[in-house]
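Please look over the sequence and the 3D structure shown here before reading on. The paragraphs after it are meant to be read slowly, with the structure open beside them.

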Amino acid sequence: MRFHVNADVGFKASVGRTVPMRIDKKGFFRDATLKICGSLDIEKALWQCLLYIRDFLPASQMSLYIYSQKTGVAEIIAHATEADYRALSIKFMMCEKGRQQVLEQRSIRIHNVPRAGDDPVSAPAMKCLGGLDLPILFMDLVIESEFLGTVAVHGATGIPFGSAHEKLLTMLNEPFAIALSNHLRYRKLQEFNDVLVDRNRYLKNELRMISGVDVIGANFGLKEVMDMARQVAPMDSPVLLMGETGVGKELIASTIHNLSPRREGPLIKVNCGAIPEGLMDSELFGHEKGAFTGAISRKIGRFERANGGTLFLDEVGELSQEAQVRLLRVLQEKEIERVGGTETIRTDIRIIAATHRDLEKMLGSGRFRHDLYYRLKVFPLIIPPLRNRVSDIPSLVQHFIQKKCIEMKMKIIPSLAENALEQLLSYHWPGNVRELENAVERALILCQGAPLTFKEIMVTKTSSNPIRHIPHEMQPNAKELLSLDQAMARHIQKALAVSNGKVEGRGGAAELLQINPRTLRHRMKKIGVPFGRMLKQKNHQPIQS
């Protein structure tokens, strides 16, 4: 049965028959556009449009395609029937004849194919979807001369499409093109988001391996600190890290975060001593657009960025009195307000603070608030300086050599020169781990492929009291000089004499020498200074001098 309609007349589909009807073009365009733009899901929008245009075209299915002219690959991204709709990703290679036809017909916006299976462009798609015997209308979707894709209306068996149907579908070119453009952009954003999520997951795992698992010295000089860090990590209690500059407070903070239930959340770091006082509120709490001169857009502060994670306040002892008051309020109320804003923002963060200053002395002088100090000092952790954990130096040196060789793109990893390690072990390291890392990097630059030496370490050590400033008559001669091991042995024996042979504990030699007891015993064993049972067996008395 064949139907003839003019541009202003359509038909109403019903069971087994059609009813001619007058078409309101403006109403058709408006209602069809609302259906196309009525859902964020392109496949649902396609289905809603199909159900509407069935009253005007003999349509049984609709589908959306994108096509790459460069590769010749077409992809079906959405398909709708009267019963349902679905998002797809069916890709197929266009045959050479089909690719040539696409190029030749690009200037024609709409294509009327009487039988889908006879057309080299439509046949591969309809083989996937079914309906090789159905007529089909293809419409290329173009915005600003840019080809985006194709929408296809699949007809009904025995009812071909006419020129009036082509004109009706052509009216919907722009709404379909806009909908497809938005979908493709959204899909691209989703791809970028998936990549970012994957990279973020990978980087978090890498950081966890670096700072949460592989802490150099975790089983030796830092064992006690690491044990306490593991105990406090599962809690939300504030942690106060104390120790000299360069001992690795930031590394311990990262470790606590990575061992905590908040490890999937952000770890936001704030150097309190590096933020100017005038920008402190803006950096910590954020600001609204126009809050002050130069605030050209809204800014999210560090507290807000750390929501659901951990905020690391490095050098908290550098905060001004005013900043201390504001920080205390946030810790107590767990709420912030952006500068220039009226909205109260709830925060869910864990605070880890760090300082190299003696906060208790600052309390006495009034430079640090008592209430903030006791709010932060729920779980204090004192990180020992490198000179008190000399046993960690060999592992740290090897770690820094490998790390710096990778950074400097050195193909061959150099070895240590003879006596280089002993030289490093005998140095007092006022700059702690950071100074050791810098010393390794400097040695790698100077070595030029030769074994690493650290001659500048001894220069640094003796530069504060060079021998040439000692009067000539007081300078020792070579015969009077002791070897380093002999001098160390005599010094340890003096400490043992003062402590009555006690090595560790209150008043022990380790405390007097400010060294880890385990490190002291290891050194005494190495240089032959008896202690404990060895001392009793040999009936050896410490040298008095």
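The structure is a predicted model, in which local features need pLDDT of at least 70 and side-chain atom pairs count only at pLDDT 80 or more, while totals for chains, interfaces and linings use all residues. Residues are numbered from 1 along each chain as its sequence is written, and side-chain values use heavy atoms, with hydrogens and water left out.

The protein chain has 21 helices and 17 strands; here helices (H or I, at least four residues) and strands (E, at least two) are DSSP runs, numbered from the N terminus. Of the 545 residues in the protein chain, 43% are buried, where buried means under 20% relative accessible area, exposed means over 50%, and partly exposed lies in between, as computed with a 1.4 Å probe on protein chains only. Among contacts between residues at least 6 apart in sequence, 65% join residues at least 24 apart, a contact being heavy atoms within 4.5 Å. Ser68 itself is partly exposed, with a relative accessible area of 28%.

In soluble globular proteins, nonpolar side chains tend to be buried together. The term nonpolar core is used for a set of buried Ala, Val, Leu, Ile, Met, Phe, Trp, Tyr and Cys residues joined through side-chain atoms within 4.5 Å. The largest such core in this model has 34 residues, and those with the most contacts inside it are Ile53, Met62 and Phe176. Several elements each supply at least two residues of this core, among them helix 1 (25-36), strand 7 (136-143), strand 8 (146-155) and helix 6 (173-213), although the largest share, 6 residues, comes from helix 2. If neighbours within four places in sequence are left aside, Ile53 is in contact with Phe28, Met62, Val153 and Leu172. A second, separate core of 32 residues includes Ile268, Val316, Leu331 and Ile349.

How do two helices lie against each other? Helix 7 (residues 223-232) and helix 8 (residues 249-258) pack at an angle of about 40°, with their axes 9 Å apart; the axes are lines fitted to C-alpha atoms, for helices over the stretch in contact, and angles run from 0 to 180 degrees between N-to-C directions. The contact is made by Val225, Met226, Ala229 and Val232 of helix 7 together with Ile252, Thr255 and Ile256 of helix 8. By class, this contact has 6 nonpolar residues, 1 polar residue and no charged residues, with Ala, Val, Leu, Ile, Met, Phe, Trp, Tyr, Cys and Pro counted as nonpolar, Asp, Glu, Lys and Arg as charged, and the others, Gly among them, as polar. Because 8 of the 10 residues of helix 8 are buried, this helix is largely enclosed by the rest of the structure.

Lys223 is partly exposed at 34% relative accessibility, as are Asp227 at 32% and Arg230 at 41%.

A search of the whole structure finds 26 salt bridges. In one of them, Glu82 and Arg54 have their closest N and O atoms 3.4 Å apart. Glu82 lies in the loop between strand 4 (73-81) and strand 5 (85-93) and Arg54 in the loop between helix 2 (42-53) and strand 3 (59-68), so the pair ties together parts that are 28 residues apart in sequence.

Lastly, consider the backbone. Most residues other than glycine have a negative phi. Trp429, although not a glycine, has a positive phi of about 50°; Trp429 lies in the loop between helix 15 (420-426) and helix 16 (432-447) and is buried, with a relative accessible area of 0%. Asn432, also not a glycine, has a positive phi of about 60°, lies in helix 16 and is buried, with a relative accessible area of 0%.

Technical notes:
A salt bridge is a side-chain nitrogen of Lys or Arg within 4 Å of a carboxyl oxygen of Asp or Glu.
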